[in-house]
Amino acid sequence: MSASVIGARLDLLVRLVDTTTGAEVKERNVLFLKDGQLIRPEPRGTGMYVFINTGREDFLMQIRVFGYDECTVPVSYASLDQRMPVCDVFLMPSESMSGWPELIDFKGNLPFLETIEAVNLNRPLCNFQAYDQKKNLMSVYNASGGSVYLDTCCYGLVSREKASYETIEVTGTVTSQSFHLKNPLAPETVQGLMICRIIYGRATKEGDYVLRVRDDAKDLIYLVRYQVKGEERFQILDFRNQEVLK
């Protein structure tokens, strides 16, 4: 009698992240739908869910989490790592959680708006130190001292002088102050640029937009990046004032 071997393949790992804090979502009241049909991935730690032997066909994933806005994410395997397909989903809280500060919305309407996101200019995680092009390795420093923690996701490399930022993706940690990047940096990248967490907003086909942040500081100064008809724009805004995108 020949032995049967049943293999287990990880087809997708979904990481649920609170976009206002950058922390994994602890709420366990979660529903996943694949093209409108309920599916049940296996939980793996805080905010992590794995799809085992489910196939690698592209699909539309809907996620419903208690306390967060419903989210629809197109899963395209061509854009994911074939060895470890990880999909980070940034959820927008729909209400204040117990123990969290209140929420504040920056919203409005801008025709032909396609995407919107922002970084908090008053809360850099660290600063850019140097870049090793051969190793594709970025070193950073903490202006207030101590080590730095950057997760494997995207951050904004911010130039306050130019009022803009470049998106960089960290793929691994070497030391507490050096990190591997997915893509190379420009040789002229200036020492001291801030590295900030990106907060993702939502834009509709009608041009309605919302960026939701925690109301946890006196000054809420954000550098907003948005795209209108394929054109990238930046604007520094105070979320406490009734400003709008231009």
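The structure is a predicted model, in which local features need pLDDT of at least 70, side-chain atom pairs count only at pLDDT 80 or more, and totals for chains, interfaces and linings use all residues. Residues are numbered from 1 along each chain as its sequence is written, and side-chain values use heavy atoms, with hydrogens and water left out.

View 1. Cysteine 71 is buried, at 15% relative accessible area, whereas cysteine 154 is partly exposed, at 23%. Buried means under 20% relative accessible area, exposed over 50%, and partly exposed in between (1.4 Å probe, protein chains only).

**View 2. Four strands form an open antiparallel sheet in the order β3-β2-β6-β7.** The edge strands, β3 (37-39) and β7 (71-75), each pair on one side only. From one strand to the next the twist averages 35°; axes are lines fitted to C-alpha atoms, for helices over the stretch in contact, and angles run from 0 to 180 degrees between N-to-C directions. Strands (E, at least two residues) and helices (H or I, at least four) are DSSP runs, numbered from the N terminus.

**View 3. Strands β2 (residues 30-34) and β6 (residues 59-65) pair in the antiparallel sense.** Five bridges join β2 and β6, where pairing requires that DSSP finds at least two bridges between two strands. Lysine 34 stands opposite methionine 61 in β6.

**View 4. The largest nonpolar core has 21 residues.** Such a core is a set of buried Ala, Val, Leu, Ile, Met, Phe, Trp, Tyr and Cys residues joined through side-chain atoms within 4.5 Å. Leu12, Val14, Leu16, Phe32, Met61, Ile63 and Val89 touch the most other members. Strand β6 gives the largest share, four residues.

**View 5. Alanine 78 sits in the loop between β7 and β8 (86-91).** Alanine 78 is exposed, at 78% relative accessibility. Glutamate 57 is 21 residues from alanine 78 in sequence and 10.0 Å from it in space, C-alpha to C-alpha.
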